[in-house]
Amino acid sequence: MKTYNIAVLRGDGIGPEIVDGALEVLETLQNHLGDFQLDYRFYEAGAACYQNTGENISAQTLQAIEKADAIFKGATGLPGVRKPDGTEAGMLGGMLRIPFDLYANLRPIRLFPNTATPLKDKAADGIDYYFLRENTEGLYLSRGIGVVTSEAVADTLMVTRKGCERISRLAFKLAREKKRGAPQDGKRRVTLIDKSNVLRSFAFFREIFLDVARQTPEIEAECLYVDAAAAALVTRPEHFQVVVTENMFGDILSDLSGATVGGLGMCPSANIGDRVAYFEPIHGTAPDIAGKGIANPVGQVRSAAMMLDYLGETRAAAMLEKAVWQAFENKRFALTPAGCIDGNMQTAVEALQDELKKIDSAKC
Ligand code: IPM
Ligand code: MN
């Protein structure tokens, strides 16, 4: 039987409880299919790790998880745990993405049935696009290395030819491989979001994007300025199939996109490079509700589906995503306006397990 080594970072706040919930769902999936196995190794990382050891993650752990087949991660960081410079401890983003060169941050934005969207008249799957955030350069390249004097501080936005090219290529690859085009018109379409009317870095990014676009004329390529894009993602989300953008724009706008499909708790993500990848929900650690058993495990469960897809277990991945769909369709659990489970997280976990068992694997 195919066995995968999975490094698990359970994280802080609600991280551990929803990671555990997701692992329960994964166990049901493995039993149901019986053709692959996940071998977990658990590691300390995040704010609690910082409190205990003075480091967000140890060099030893970094070395170990780099060798795993995939990394399954819960949210990390706690607002109360700060480094001497005042910034939050436990933030692993830069520590994994830059050293492992995880240049693609893939965030599927999909509206599930019976999920409250703040937008009017949107049907399930009426919003269904991939948000692709460049993950290793742009403004966040300056994370921790900006120039600081007592009178001024500078963080530099830098993009490279290699960085713009590889993320653009991946965007077109996704547009080609994804099951369907944009919900509005079925078209395969990649939208670059930039600010090339103002900054030269973005003009450079756009030029490279358009060069790549010319190699796949069957896929529509368009460019939007970031301010107009912020409006369009709210007013006509059904227009998009794949959206690609710079690191900080992607950080901000993907949260906006998440809000249009019922909140960040619904949204998974993949941080992918050429050798290493980690999978985590896009929400934070929500310490205010940690331990109460009401956190929404859907983003974490769907992150597991993305991980299975990456590992090549595409049928298992499709089944997991389908189980989530069915659970919402059959109103097996509901979310509160704040995005928590209305009731208990365990109800949601059990509903997902139950819906999984109903799926005929031969049909996936
Ligand atoms: C994200 C997060 C991270 C980021 C933080 C937690 C470091 O906001 O993954 O979107 O800035 O990228
Ligand atoms: Mn973010």
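Biologist: Before we start, what is a nonpolar core?

Modeller: It's a set of buried Ala, Val, Leu, Ile, Met, Phe, Trp, Tyr and Cys residues joined through side-chain atoms within 4.5 Å. Keep in mind that this is a predicted model.

Biologist: Got it. How many residues does the largest nonpolar core have?

Modeller: That core has 93 residues, and L29 and L320 have the most contacts inside it. Helix α10, residues 314–329, gives the most to this core, with 9 residues.

Biologist: And which domains does this core draw on?

Modeller: It takes at least three residues from each of domain 1 (1–105 + 267–364) and domain 2 (117–261).

Biologist: What is L29 in contact with, leaving aside its neighbours within four places in sequence?

Modeller: L29 is in contact with F36, L308, A316, M319, L320 and L356, once those neighbours are set aside.

Biologist: New topic: the ligand. Which residues are around ligand 1?

Modeller: You'll find M91, R97, R107, R133, Y140, R143 and D251 around ligand 1.

Biologist: Some arginines in there. How far is a polar side-chain atom of R97 from an oxygen atom of ligand 1?

Modeller: For R97 the distance is 2.7 Å. R107 also has a polar side-chain atom by a ligand 1 oxygen, at 3.0 Å. With R133, an N or O atom in the side chain is 2.6 Å from an oxygen atom of ligand 1.

Biologist: How much of ligand 1's accessible area does the protein cover?

Modeller: On its own, ligand 1 has 310 Å² of accessible area, and the protein covers 74% of that.

Biologist: Where does D125 lie, and is D125 buried or exposed?

Modeller: D125 is in the loop between β4 (104–110) and β5 (128–134). D125 counts as buried because its relative accessible area is 17%, and the cut-off for buried is under 20%.

Biologist: What about A286 and its phi?

Modeller: A286 has a positive phi too, near 40 degrees, and is a residue other than glycine. A286 sits in the loop between β12 (277–281) and α9 (298–311). With a relative accessibility of 25%, A286 counts as partly exposed.

Biologist: You mentioned α9. Where is S303, and what is S303 in contact with?

Modeller: S303 is in helix α9. Skipping neighbours within four places in sequence, S303 is in contact with F72, P268, S269, F279, E280 and P281. S303 counts as buried because its relative accessibility is 0%.

Biologist: And M306, where is that one?

Modeller: M306 is in helix α9. It counts as buried, at 13% relative accessibility. Leaving out neighbours within four places in sequence, M306 is in contact with L106, P108, P268, S269, A270 and F279.

Biologist: Last one: what separates the C-alpha atoms of M306 and S142?

Modeller: Those two C-alpha atoms are separated by 29 Å, and M306 and S142 are 164 residues apart along the chain.

Notes: Residues are numbered from 1 along each chain as its sequence is written. Chains are lettered from A and ligands numbered from 1 in the order in which they are written. This is a predicted model: local features need pLDDT of at least 70, side-chain atom pairs count only at pLDDT 80 or more; totals for chains, interfaces and linings use all residues. Side-chain values use heavy atoms; hydrogens and water are left out. Buried means under 20% relative accessible area, exposed over 50%, partly exposed in between (1.4 Å probe, protein chains only). Helices (H or I, at least four residues) and strands (E, at least two) are DSSP runs, numbered from the N terminus. Domain bounds come from an automatic or database domain assignment. Contact means heavy atoms within 4.5 Å. A residue is near a molecule or strand if one of its heavy atoms lies within 4 Å of it. A polar contact is a pair of N or O atoms within 3.5 Å; within protein, one must be able to donate a hydrogen and the other to accept it, and residues adjacent in sequence count only if both atoms are side-chain atoms. Accessible areas come from the Shrake-Rupley method with a 1.4 Å probe; for residues, only the protein chains shown count as cover.
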